[in-house]
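Where does a folded protein chain leave empty space, and which residues surround that space? Rolling a probe the size of a water molecule over the atoms shows where empty space is left.

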Amino acid sequence: MPSPGLVQVVGKRCVPVAEAEFAQLRARHRSVLLDVGTGDGKHAYRLARADPDRLVVGVDANPDRMRGVSARAAAKPARGGVPNLVLAHAAAEDLPDCLGDVDEMHVLMPWGSLLRGVLGHAPNVLAGLAGACRAGARFHITVNLHAWRPAAPAVTGIAEPTPEWVRHELAHVYAEAGLRVTRVGYLADVGTSELTSTWTRKLGACREEFDVLGVEGTARGGSTRPVAGITSKAACLPA
């Protein structure tokens, strides 16, 4: 079954985007970054503003949370508009075909089915993520470990992940999907400059410690480095 076309969220509207139209937009940019589970879209917005030559596409299964940022992105540049940002309504396991060879992918602080998917409990999610990446594309994933402290319904039946578990158990699941894990570790003192969604700021503000597990790697055909430990948050999070 073919995947659905791209549906862009623009304020309160959901607007279908023709493949040819998206191809023209893509051709005007040096590379494409895909932010999966973008939530309110603020992380994607910040990345797009920081690098106008890069096309940033944020996707989320819930279009409502993106409406505010999408309206701002569609404004004139003098009013905060960013023409190199597209916020779209899509699920990770059913991404549009036009997102078939992105250069970089972020999955930051996923929740619900996306969280279970990146932990290997929904193979169709990993297949969807891998299918969006060109060979050698980098991926960055961060997991909020406070979801297990105490355990939330979203992680029922799933043990809290550790770097050792990722290296010895999850890495081969990723490999089967076409994603090679190259670095994994804890990211201490994660700041709001790296994780800019509204709920993440609130969560960080009410905790003395903010424990996050980071995983990075490349899509099939990329780096052949062995899995190693992350030594700093900058190694896993985007600059």
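This is a predicted model: local features need pLDDT of at least 70, side-chain atom pairs count only at pLDDT 80 or more; totals for chains, interfaces and linings use all residues.

The account begins with the second largest pocket, whose volume is about 300 Å³. Its lining comprises 18 residues, and those closest to the centre of the pocket are Gln 8, Leu 25, Pro 83, Leu 85 and Val 86. Several elements of secondary structure contribute to this lining: the strands β1 (6-10) and β5 (85-89), together with the helices α1 (19-27) and α3 (67-73), each provide at least two residues.

Across the whole structure, a search identifies one cavity of 30 Å³ or more. The volume of the largest cavity is about 40 Å³. Its lining is formed by Val 118, Leu 119, Ile 141, Val 143, Val 166, Leu 170, Tyr 174, Leu 213 and Val 215.

Which elements supply at least two residues each to the lining of the largest cavity? They are the strands β7 (133-144) and β9 (212-219) and the helix α6 (163-177). The helix α6 gives the most, with three residues. The lining of the largest cavity contains nine nonpolar residues, with no polar and no charged residues.

Terms used:
Residues are numbered from 1 along each chain as its sequence is written. Side-chain values use heavy atoms; hydrogens and water are left out. On a 1 Å grid over the protein atoms alone, a cavity is a set of points where a 1.4 Å probe fits but cannot get out, and a pocket is an open set with protein on both sides within 12 Å along at least five of seven lines; lining residues have an atom within 4 Å of a point. Grid points are joined across faces, edges and corners, and a volume is the space filled by probe spheres set on the points. Helices (H or I, at least four residues) and strands (E, at least two) are DSSP runs, numbered from the N terminus. Ala, Val, Leu, Ile, Met, Phe, Trp, Tyr, Cys and Pro count as nonpolar, Asp, Glu, Lys and Arg as charged, and the others, Gly among them, as polar.
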